[in-house]
Amino acid sequence: MDFVEVFELIGVVAFAMSGVLVGIEYGFDIFGIFVLAFLTALGGGLFRDMMLGNHPPVCFTHFSYIICVAVTVALFLIFLKVFDKKLARADVDKIKALITFFDAIGLGIFCVTGTEFAMKMGFSDNMLLCVASGLVTAIVGGMLRDMLANRKPVVLRKEIYAIAAIIGSVAYCLLQPVIGMLWSTYICAIVVVIVRMVSVRRRLNVLFKVTNQVLMDKDDDEDDDLGHSSKK
C-alpha cells in the first residue's frame, strides 16, 4: 500500500465520521447512520463509476473501502457512546476540527485520484470529463449525505469546497503529463488541502449576496412561478 492509498483511506475515515455526526444530529437510527456514512465516504466514487461506465463500482471490488467505513462507524459510535456525557463543547469542537482537517486531506486526494481514474480509462484527451470525474469523486458523497438529512448541501453554500476540488483536478490535468502521476498527486493534493483549510480558517466563501429582500424571500407559497402571482 503506497502513500496515496493511505491518504485515500484517511479521507474515507474522515468522510465516514462526518456522516456519523450528521446522522446523530438529525436523529437517524443506527442503520441510518451506517447508510449515511457509507454514502458520504463512497458515494462520490459510486457516482463517478456510473458516469464513466465502470462496472461494477470500485468499492464493490476493493473491499478495503467498505471494511474501512464499517470499522470507522462502529468504533466512532462506541467512542461517542462511552464518552457521551463526558464530552464538553470544547471537546466536540476539537473532534469536528480534526475531522475537518482529515476531510480536507480526503478532498485533495479524492479529486486527484478521481481525475487520474478517468485518465486511466482512456479519457485523458477530454480534460472536462477528467475534471468532472475528480469533482464528483470528491463532493458527491457529501451532497448525498446532506440531501438525505434534508438540508442544503454544505459544498454548495459554505466556504470553499467544490472550487478547491476543481482547482486540484485542473492542476493535476496540467501537471501529470509533465512531472508524472506521483509528484502531481502530492502537489495538487497539498494545494487543495491548503485552499480548503485557509477557507475554513478565514471563513472564505463565494456566496452571491443581494440586498433586495424580495429576491431573498424564501416563501414561495404565493409566488411559486417566478413572479407570476397566484392571486387573482
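**View 1. Surroundings of Arg-196.** Leaving aside residues up to four places away in sequence, Arg-196 touches Ala-104, Leu-107, Glu-159, Ile-160 and Tyr-161, a contact being a pair of heavy atoms within 4.5 Å. Arg-196 belongs to helix α7; helices (H or I, at least four residues) and strands (E, at least two) are DSSP runs numbered from the N terminus. With a relative accessible area of 7%, Arg-196 is buried. The term buried stands for under 20% relative accessible area, exposed for over 50%, and partly exposed for values in between (1.4 Å probe, protein chains only).

**View 2. Confidence along the chain.** The model is predicted: local features need pLDDT of at least 70, side-chain atom pairs count only at pLDDT 80 or more, and totals for chains, interfaces and linings use all residues. Residues are numbered from 1 along each chain as its sequence is written, and side-chain values use heavy atoms, with hydrogens and water left out. The predictor's confidence in each residue, pLDDT, runs from 0 to 100. Its mean for the protein chain is 89, and 94% of the residues reach 70 or more. Over residues 226–230, pLDDT stays under 50, and the model has 5 contacts beyond four places in sequence for this stretch.

**View 3. The largest pocket.** This pocket has a volume of about 1,100 Å³. On a 1 Å grid over the protein atoms alone, a pocket is an open set of points with protein on both sides within 12 Å along at least five of seven lines, and lining residues have an atom within 4 Å of a point. Grid points are joined across faces, edges and corners, and the volume is the space filled by probe spheres set on the points. The lining of the largest pocket comprises 35 residues, of which Ser-18, Leu-21, Glu-25, Lys-96 and Thr-100 lie nearest its centre. At least two lining residues come from each of α1 (3–25), α3 (63–82), α4 (89–123), α5 (127–148) and α7 (181–202). Helix α4 gives the largest share, 7 residues. By type, the lining of the largest pocket divides into 19 nonpolar, 4 polar and 12 charged residues. Here Ala, Val, Leu, Ile, Met, Phe, Trp, Tyr, Cys and Pro count as nonpolar, Asp, Glu, Lys and Arg as charged, and the others, Gly among them, as polar.

**View 4. The second largest pocket.** The volume of the second largest pocket is about 670 Å³. It is lined by 30 residues, and Glu-8, Val-58, Tyr-65, Thr-113 and Phe-117 lie nearest its centre. Two or more residues of this lining come from each of α1, α2 (30–52), α3, α4 and α7. The lining of the second largest pocket holds 17 nonpolar, 6 polar and 7 charged residues.

**View 5. The salt bridge of Arg-48 and Asp-49.** The whole structure contains 3 salt bridges, each a side-chain nitrogen of Lys or Arg within 4 Å of a carboxyl oxygen of Asp or Glu. In one of them, the side chains of Arg-48 and Asp-49 meet at 3.0 Å, N to O. Arg-48 is buried, at 8% relative accessible area, and Asp-49 is buried at 0%.

**View 6. A network around Asp-146.** Salt bridges link Arg-145, Asp-146 and Arg-151 in a network. The closest N and O atoms of Arg-145 and Asp-146 are 2.9 Å apart, while the side chains of Arg-151 and Asp-146 meet at 2.8 Å, N to O. Arg-145 and Asp-146 are buried, the relative accessible area of Asp-146 being 0%. Arg-151 also counts as buried, at 18% relative accessibility.

Conventions: On a 1 Å grid over the protein atoms alone, a cavity is a set of points where a 1.4 Å probe fits but cannot get out, and a pocket is an open set with protein on both sides within 12 Å along at least five of seven lines; lining residues have an atom within 4 Å of a point.
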